[in-house]
Amino acid sequence: MDNRYLGNSGLKISEIIYGNWLTHGSQVENDTAKQCVAAALESGITTFDTADAYANTAAETVLGEALASERRESLEIFTKVYWPTGPMGPNDSGLSRKHIMESIHGSLTRLDTDYVDLYQAHRYDHHTPLEETMQAFADIVRQGKALYIGVSEWSADQLRRGSALAKELGFQLISNQPQYSMLWRVIEEEVVPASRELGISQIVWSPVAQGILSGKYLPGQPLPEGSRATDAKGGADSVKVFLRDEVLTAVQNLKPIAEEHGLSLAQLAVAWVLANDNVAGAIIGASRPEQVRENVKASGVSLSKETLANIDKVLGSLPETDPAKTKSPEERPS
């Protein structure tokens, strides 16, 4: 497993990160979830990403239990705050000082740890002054409850303003966690250049486009049983944007490129995002341990400029590139 520095910091993380959105405490049984974490550890993954809102806090509990026997100093544990948790009261979401302070305490309890390595603003809160949010994060860092601070799905302008305030308060933003894949490239035009300027790395989620880039969805064919696209608990909603025959056909046309490099389509997809030098890590999820073992094989793969150009040629105009797609809810969720 290769490691990369996270932003302009001395923190190294595994370039393949295990994440438990839509799985732990929700899609898969706890025993299977723990087997997936064990497979990640055996494969050299040291970095684990979760959030308080995943399965309404249950995902953090499962991850904490799965990592309980590991040496804490050998792990990098990331979590997030913003989306609603608990009974969904008026202060159970957002980035107010109240919600942030209460949320970090809850996350640490569920994860059974004294600190998290990275605490992330899960979206931008339009209804809380940015100064209030960043001061709360600064206090959490000084209290030793989080070692570093990051964000998720912030625009280039939001990153610049947040980074400036963080520096005034004596800490720095080191990461952004956006959706990024061959099919979803909305960060490339504005977010990535701003991040390079600010010393911020991307930790990308959905590098296999919710499983679409694995090639298991075939044009004109029924959806595979048990796949994310058939999951009524929320997985289906996240996949449907890509479920178009022209997209599925193009994905099948990537097979010769993957085979030329001795990779599966999913491994090619993960290697593709890691080819971006502003990406520090790609988050993979899994519902079975073997999925983890297969996807980690993308670590250390080098794709040539010619290969990247051939991928672009196959996909043509299908990838989404509109930078306006990077946005947070206008109203605080409840």
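Visitor: What should I know before we start?
Guide: This is a predicted model, where local features need pLDDT of at least 70, side-chain atom pairs count only at pLDDT 80 or more, and totals for chains, interfaces and linings use all residues. Residues are numbered from 1 along each chain as its sequence is written, and side-chain values use heavy atoms, with hydrogens and water left out.

Visitor: Okay, which residues of helix α6 are buried?
Guide: Val191, Val192, Ala194, Ser195 and Leu198, in a helix that covers residues 191-198. Buried means under 20% relative accessible area, exposed over 50%, partly exposed in between (1.4 Å probe, protein chains only). Helices (H or I, at least four residues) and strands (E, at least two) are DSSP runs, numbered from the N terminus.

Visitor: Where do the buried residues sit around α6?
Guide: Down the axis of α6, they fall within an arc of 160°, so they line one face of the helix. The arc is taken from the directions from the helix axis to the C-beta atoms.

Visitor: What covers them?
Guide: The cover includes α5 (156-168), β8 (173-176) and β9 (201-204). Just after α6, Gly199 takes a positive phi of about 80°.

Visitor: Now Gln202. Buried or exposed?
Guide: Gln202 counts as buried because its relative accessibility is 0%. Gln202 is found in strand β9.

Visitor: What does Gln202 touch?
Guide: Leaving out residues up to four places away in sequence, its contacts include Val191, Val192 and Ser195, and also Asn278 and Gly281. Contact means heavy atoms within 4.5 Å.

Visitor: Switching topic. How do α1 and α2 pack?
Guide: Helix α1 (residues 30-42) and helix α2 (residues 58-66) pack at an angle of about 55°, with axes 9 Å apart. Axes are lines fitted to C-alpha atoms, for helices over the stretch in contact, and angles run from 0 to 180 degrees between N-to-C directions.

Visitor: Which residues make the contact?
Guide: Asn30, Ala33, Lys34 and Val37 come from α1, and Val62, Leu63, Glu65 and Ala66 from α2.

Visitor: How accessible is Asn56?
Guide: Asn56 is partly exposed, with a relative accessible area of 35%.
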